[in-house]
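Biologist: I am new to this structure. Please show me how to read a few of its features.

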Amino acid sequence: MERQIYLAYDGSINADWVSRYAIRIAATFHNRRIILIHILDHSASRRRIDEKIAAIARECEVHGIECRSVIHDLDRDVFSSLLRLIPAGDNSYCLCGARIASRGRGFLAGTVSERLLRSRLFNVMAIRVVNPGLMGCPRTLLFPLAGHPRRFEAAMPFLRLFTSTPITLHLLRVIVVNPIQLRYISAEIARKKLAAGREYLHRVMREIEEEIADAPWHLDPHVVLSDNWAEEILVQAGKVRASMILLGATERSQPSRFFSSNRLEQILRNTPCDVGIYRKR
């Protein structure tokens, strides 16, 4: 079965921007096709939705991408309706938006995108677009890695989505240290922690080079000690001038608070660039 892009489209401006990512990613798939799904929840008029979908279809045509639109009546709620229309499996990739947060609300907490990420029925990437001028084509990616023993296994399918253009891939390992310990850490302990982080990233780099040998990428590893994981990611994104941060929500044992944690919301709210939150089936 071929890989397939499904765009969960709600008619918002952020969804319009996410559609450009869907177009660029579809260009890396053999079938070069997007299946756009809109659930009629009456948040926008049918006429307006039809106009916006037609505009996306025209942009797809320019890039040689087939756009199939599926407009479906609401079945209980938007999330349940989407689950009925997106096939479960490793070859299904659902792209959705991380909304623009209003006062007192998070970017993912309580959203359809959060529920899609939790579902684990298919691969999901929720995207917050900060720079629509990228047109869904980031050239500098920042990949923070948590140091899991399986290294890049869960991230690899999503990294493959960006193989159509040359990119600089910054691999970041933030080693979190207690604030008091960080203040008084000895040079020897710091050296050992940084060396372990560099060894981990070099193993990941070898894995990437073996799995995606023909990708036109430049790999650049970064290891830092910090007492604030989210803040350090934002700092590093600025330093390397990242055009997109890719954050994984991939471990089965990961608590559900990942999606509503202050750390993740801090990144989504203060990011200087686009952010993609991904989760492998």
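**Salt bridges and a pocket**

Modeller: The side chains of Arg281 and Asp90 meet in a salt bridge, with 3.5 Å from N to O. The pair joins distant parts of the chain, 191 residues apart: Arg281 lies in the segment after strand E10 (274–279) and Asp90 in strand E4. This is a predicted model, in which local features need pLDDT of at least 70 and side-chain atom pairs count only at pLDDT 80 or more, while totals for chains, interfaces and linings use all residues. Residues are numbered from 1 along each chain as its sequence is written, and side-chain values use heavy atoms, with hydrogens and water left out.

Biologist: What counts as a salt bridge?

Modeller: Side chains of opposite charge can pair when their charged atoms come close. Here the term means a side-chain nitrogen of Lys or Arg within 4 Å of a carboxyl oxygen of Asp or Glu. A search of the whole structure finds 14 salt bridges.

Biologist: Which residues are linked with Glu51 in a network of salt bridges?

Modeller: Arg47 and Arg48 are linked with Glu51 in that network. The closest N and O atoms are 3.5 Å apart for Glu51 and Arg47, and 3.6 Å apart for Glu51 and Arg48. Glu51 and Arg47 are separated by about one helical turn because they are four residues apart in helix H2 (residues 46–62). Glu51 and Arg48 are three residues apart in helix H2, also about one helical turn. Helices (H or I, at least four residues) and strands (E, at least two) are DSSP runs, numbered from the N terminus.

Biologist: Is Arg47 buried or exposed?

Modeller: Arg47 is exposed, at 65% relative accessibility. Buried means under 20% relative accessible area, exposed over 50%, and partly exposed in between (1.4 Å probe, protein chains only). Arg48 is partly exposed at 43%, and Glu51 is partly exposed at 37%.

Biologist: How much space lies in the second largest pocket?

Modeller: Rolling a probe the size of a water molecule over the atoms shows where empty space is left. The second largest pocket holds about 420 Å³. Of the 25 residues that line this pocket, the closest to its centre are Ala8, Asp10, Gly97, Val112 and Ser113. On a 1 Å grid over the protein atoms alone, a pocket is an open set of points where a 1.4 Å probe fits, with protein on both sides within 12 Å along at least five of seven lines; lining residues have an atom within 4 Å of a point. Grid points are joined across faces, edges and corners, and the volume is the space filled by probe spheres set on the points.
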